[in-house]
Amino acid sequence: MNKKADLSGTSTGYKIFSIVILIALAIFFIFPLYWIVTGSFKDAIAINAREPQWFPVAPILDNYIRLFSKPAFRWLANIVIIAVSAMALTCLTASLAGYALAKKRFIGRNILFTIIICAMALPKQVIVLPLLQEMNFLHLSDNLLAVILPTVGWPFGVFLMKQFSETIPTEILEAARVDGAGEVRTFFTVVFPMIKPGIGALAIFTFVNTWNDYFLQLVMLTSEENFTLPLGIAKLQGEMSSDFGLIMAGACLAALPIVAVFLAFQKYFTQGIAMGAVKG
Amino acid sequence: MKKFLALTLSATMALSLAACTGGNTGSTTSGSTTSSGSTTSSGTSSTSGTGTTLKLWSFNVGTLNEKANWDSLIAKFNETNPDIKVEVEIITYADGDTSLSSAIPAGSGPDILFEGPERLVGNYGRAGLMVDLSDLWAEGGADIAEGIKSVSQLDGKYYMYPLSVAAHCMAINYEVFEQAGALQYIDQETRTWTTDNFVKAMEAVRDSGLVATPGIVYCGAQGGDQGTRALVNNLYSDYFVNDDGTSYNANSANNVKALTLLDEMVGNGSLSANAGFAAAEELQAFANGTCAVTFCWNYSNYTQYAAQTQFTPYAVAFPSDDGQPELEMAGPYGFGIFDNGDDAKIEAAKKFVKFVCDDVTAGTEAVKYTGFFPVHADWGDIYADAEDADVRAPFAMMSNYLGRYYNLTGGWTEQRALWWNMLAEILVGGADPQTAADSYVEQVNANIA
Amino acid sequence: MAQATATVTQKPGGNKPKETSGMSRALVRRETISGYLFLLPSLIFFIGFVVVPMGICVVYSFLDYGMAGVEGFAGLDNYLRMLSDKTFHKGFINTVLIVVVAVPTVTAFSLWVSSAIYQMSSFTRSFFRCVFYLPVVTGTVAVTVVWKWMFNPYNGLLNQLTGNVGFDWLGNPNTAIWCIIMILFTTSIGQPIVLYVAALGNVDNSIIEAAQVDGATKLQVFWKIKWPAIMPTTLYILVITTINSFQCFALIQLLTSGGPFFSTTTIMYQIFDTVYKYNDFGYANAMGVVLAIIIAIFSAIQFKLAKTD
């Protein structure tokens, strides 16, 4: 009856059971990626064959050659610029704002938080029309900033950092104040180290979500030199046919920076976990 | 911690870089964006001494999804009109509506759009956003077929000037039909077949066991609806809308008879119906030999799937009880010009459209990119010397069977969504054809006004 | 042990800032000024690029606004239209089904996975965390290409494995929405797992050890110590998953286009169709506002429940 909590100290049977389930699920989750990676080395006949070809019998580079015959590097650079900028700005603004929302007792705090939740609730598909009108007004349409700025404004990050900041013990903040630390110093020397795992998570999420926000890119970016990689590949599809090889090659290329960012920021969770243990 | 700060710092630097490059591209390439945006809102002319910049948005018709092909046409145009700059952006049928429906109301839409009458005339012409192109028709439209002319206009104003057209037909897997002994049911001379022979042929293919299913009636939304429409309408020679365009016609006696026949064929396995399939999936299934016929065929699809078809796709007309098919047009495709209140721009846009559609050299090249046939009868057979002339020939033959065009009937967009639903209800859900068709007609007629 | 749990359960409450009442005026002013200074960078973006367009959306919802431009003031017409719109009713039911199924399963499952992996070796933990995040990394378009192939009735993997050739998973009104929910599930659990692993790792070990010394069972440790400590994370995951499930759209567009028989048409999908296919901006914005209100109510309930827990 006490087996649901976690693995440590629980029965061996349960341990084996959960490892088996985890491995089965891992295969289930890895398979689409496997199919995409191998598919990117297959020709159209092999991809669409009636009998699935489990491994590319005659691997070809044609899909990648076709991809790079287009300005794929430019598109990749565009999306990297967008995602990295959005990530950096979001981490900075959201960690400050999240801390204030969680720990400051200021007038209008509850109203502001309600507005934030309502803003997240309003679907992007309707908000994008006035947003595009606004971008045209600011002469920013078809500019990478038209994707970056609304992404930074989107309050998911603030909400996440507020939740993370709530776990900071208030006594520590008060101790810092008694020691005579100013607000800014308190934030950078006391708060920032404690919410670092949160910032690591936020960095990954912002990067990946911005990267995958095809809809906003589609509406905001219209000229070929401003396309992002997913957008550029989508534009190469025929009216009644899909170039699956190109889609898969593009997905592989697009996944590389995401994996790099994931691995880079993953470290901070580990540090956070170690710190959590020391903290008490 | 230091590492983290360094990372953040470098990210911020990347951001400032982004701001720079973003700003640069914004000022150099989106000059037209800003100028068209401001003219739309203020309604004043922005013609400067340096010439005009036009924004052309093109749907991914044939190989016009390649920007390079447009650039070749524009280069030819600039030989005689160096002061008019045309910037092309490709939009796709998958999400072009998203781009258009957000950009147009926001004032950053195109000056010229390359598409068919459905959007140019039915949507944007009807909404009063387009320029009347009567002058282009008066100058160069004398040899364009009446059917195309009639769909380019609404209430006497011409909102589209056409470039190319084709007949929408079906295709069979020649080798499978041969081995199944089903070729005897097709008149290979005229590439037509009767409804009875269609039924027999599909049963022969089914009995041969050569394919997973003889044919798939795709009932999933998005595109290719002309194929299923033409199939239903031709089986017992009826039309999709009534003669004066005041009512949709799916519940007529002959159309219901056709739906019932299809339902029976699905029931006995000589056809399948898939609500999860759109036209593209059906074509894919045809191309890899899952099924032996496709209801969504034209030259453009032939070329798109040529690399993976390991058999002979053989174009035929839709089966008809009297053996006289009436095919829907695939397209016609042409240009529409948005009225942005800037006369100089409109004039420049007309020059460009006239050049691409009426100049024989440029026009022929453009038509070839679409994969279809010129609307100008005077141009004759532009593919006569083409390497693949023999592949083209059957598609040219299909043009003889072109029927009337009705994509401009009111409520067309709403109709399409409900058409799929009706097909699926009958062929997948087992609904009574008459009841389902009646309910469909009642719903779609409400939008005709 | 009783003592240990008491201090811990109190902690989240103790961490919350007290309300402004009972504070000196000078302190309130100082906190307000510093609070807004911290918020300022974020607010510039939030107000400029979210609140302003959001306000415009609300204005549009009261207009008769189509491709031809604003044709007049519609009053409450756009809102009243939803009452008699059968597609909207269907979409509402489908949306609620997705939310009611996806939110608890995603939350519970990601908590289970996280509890199972967070104490594993750093490599194994990273491996599983990466694996469950993969569907997000590969992007919706490519992932749906693979799923579409797996669900293909004639040569799809699923039917070949189950010997069920011909069954149209995405074309059957009884299965299509479950396929969508399943894929939504695979693309939704990555983020919660990352967060839960971090949150569980942050739970104060000394308290757990103290409780264990006092003879607390595993289950007691979980519910009395860990569960309250990860409550802010849980709340975030619940709210975000609820919003994402309500707004689930790209999967439906790419896999079923709302069909068959409108069985996968959600409010979100109908909003998209209304804007981009039918160009009825007024009505679409009204539906958007209603959807936002529904989501806000769900979120408010979650906040309430989390507080009383």
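Student: How many helices and strands does chain B have?
Tutor: This is a predicted model, where local features need pLDDT of at least 70, side-chain atom pairs count only at pLDDT 80 or more, and totals for chains, interfaces and linings use all residues. Residues are numbered from 1 along each chain as its sequence is written, while chains are lettered from A and ligands numbered from 1 in the order in which they are written. Helices (H or I, at least four residues) and strands (E, at least two) are DSSP runs, numbered from the N terminus. The secondary structure of chain B comes to 18 helices and 13 strands.

Student: Which element of chain B has the lowest mean pLDDT?
Tutor: pLDDT is the predictor's confidence in each residue, from 0 to 100. Chain B averages 85, and its highest element mean, 96, belongs to strand β3 (residues 112-115). The lowest mean, 36, is that of helix α2 (residues 31-42) of chain B.

Student: What share of the residues in chain B is buried?
Tutor: A residue is buried if 20 or more other C-beta atoms lie within 10 Å of its own, exposed if 12 or fewer, and partly exposed in between, with C-beta atoms placed from the backbone. Of the 449 residues in chain B, the buried share is 55%.

Student: How are α8(A) and α12(C) oriented to each other?
Tutor: Their axes (lines fitted to C-alpha atoms, for helices over the stretch in contact; angles run from 0 to 180 degrees between N-to-C directions) cross at roughly 160 degrees. Angles under 35 degrees count as roughly parallel, over 145 as roughly antiparallel, 65 to 115 as roughly perpendicular and the rest as oblique. The two helices, α8(A) and α12(C), are therefore roughly antiparallel.
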